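Got a model open and want a quick tour? Here are some questions and answers to work through with the coordinates in view.

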Amino acid sequence: MRKLISSALLFAALGAAVSGCSPTAVSDFVKPYRIDIRQGNYVTQEMVAQLKPGMSRDQVRFVLGTPLVADVFHADRWDYVYRFRPGKGDTLLERRLTVIFAGDSLARLEGDVRPEDAAAKPQ
C-alpha cells in the first residue's frame, strides 16, 4: 500500500511539473532526429581539374557524370548543382558548376568549383 501511495505521489508531482512547462521548453529539450539531405551531383575539385578545353561531351560526362540540368533551350550548357543540408544545424552547403560547350567541345567552366584550386593544392 505504501508503494502505491508513493508511486501515485511521484506521478502527481511529475504531472504537475510537466504541466507547468511551456510547449517550447519541452520541444527545446526533446528534438526529433533529422537526416542529412544530399541533392544533386557531387563535383570535387579533382574532377574539375581533369577537364580540359576541347573535350567532347562524352568525355565530360565520363568525368563529371550526367548533368542535373540539361536545358533544351540552352543545348550548349550543362548545370551541375549540389546541395547538402545536415540534419543538425542550419548550415547549407551549395555548389554550382556550369559547363559551356562550343559545338561539341568544352569551351569554358563557370561556378564555385575551379580547377586552379585543385592544381594549387599539394598532393
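Two strands pair if DSSP finds at least two bridges between them. Helices (H or I, at least four residues) and strands (E, at least two) are DSSP runs, numbered from the N terminus.

This is a predicted model, so local features need pLDDT of at least 70 and side-chain atom pairs count only at pLDDT 80 or more, while totals for chains, interfaces and linings use all residues. Residues are numbered from 1 along each chain as its sequence is written, and side-chain values use heavy atoms, with hydrogens and water left out.

Q: What pattern of helices and strands does the protein follow along the sequence?
A: Start with the parts list: the protein has five helices and five strands. Reading along the sequence puts them in order, and the pattern is α-α-β-α-α-β-β-β-β-α.

Q: Which residue of β5 stands opposite Val99?
A: Strand β4 covers residues 93-102 and strand β5 covers residues 105-111; they pair in the antiparallel sense over six bridges. Within that pairing, the residue of β5 opposite Val99 is Leu109.

Q: Which residue in the turn between β4 and β5 has a positive phi?
A: β4 and β5 form a hairpin, with two residues between them.

Q: Is Ile100 buried or exposed?
A: Ile100 sits in strand β4. It touches Asp76, Arg77, Leu106, Ala107, Arg108 and Glu110, not counting residues up to four places away in sequence (contact means heavy atoms within 4.5 Å). The cut-offs are under 20% relative accessible area for buried, over 50% for exposed and partly exposed in between, with a 1.4 Å probe and protein chains only. Ile100 has a relative accessible area of 13%, so it is buried.

Q: What distance separates the C-alpha atoms of Ile100 and Arg77?
A: Arg77 is among the residues that Ile100 touches. The two are 23 residues apart along the chain, yet their C-alpha atoms are separated by 4.7 Å.

Q: How many residues apart are Arg83 and Glu94?
A: Arg83 forms a salt bridge with Glu94, the closest N and O atoms being 3.8 Å apart (a salt bridge is a side-chain nitrogen of Lys or Arg within 4 Å of a carboxyl oxygen of Asp or Glu). The pair links distant parts of the chain, Arg83 in strand β3 (residues 77-85) and Glu94 in strand β4, and the separation is 11 residues.

Q: Why are Arg61 and Asp58 separated by about one helical turn?
A: Their side chains meet in a salt bridge, at 3.6 Å from N to O. Arg61 is partly exposed because its relative accessibility is 35%, whereas Asp58 counts as exposed because its relative accessible area is 57%. Both belong to helix α4 (residues 57-64), and the separation is about one helical turn because they are three residues apart.

Q: Which residues are linked with Arg57 in a network of salt bridges?
A: The structure holds seven salt bridges. Arg108 and Glu110 supply one of them, at 3.1 Å from N to O. Arg57 belongs to a network, and its partners there are Asp76 and Asp104.

Q: Which backbone nitrogen lies 3.2 Å from a polar atom of the side chain of Thr44?
A: Thr44 is in the loop between β1 (37-40) and α3 (45-49), and it counts as buried because its relative accessibility is 18%. Beyond residues up to four places away in sequence, it touches Arg95 and Val113. The backbone nitrogen 3.2 Å from its side-chain polar atom belongs to Met47.

Q: What is the area of the nonpolar surface patch that includes Ile5?
A: Ile5 is in helix α1 (residues 2-19), and it counts as partly exposed because its relative accessibility is 47%. Patches are made of residues with over 30% relative accessible area and no salt bridge, with like charges joined within 9 Å and nonpolar side chains (Val, Leu, Ile, Met, Phe, Trp, Tyr) within 5 Å. Met1, Leu4, Ile5 and Leu9 make this patch, and its area is about 490 Å².

Q: What percentage of the residues count as buried?
A: The protein exposes about 9200 Å², and carbon and sulfur atoms supply 60% of it (accessible areas come from the Shrake-Rupley method with a 1.4 Å probe; for residues, only the protein chains shown count as cover). Of its 123 residues, the buried share is 24%.

Terms used: A polar contact is a pair of N or O atoms within 3.5 Å; within protein, one must be able to donate a hydrogen and the other to accept it, and residues adjacent in sequence count only if both atoms are side-chain atoms.
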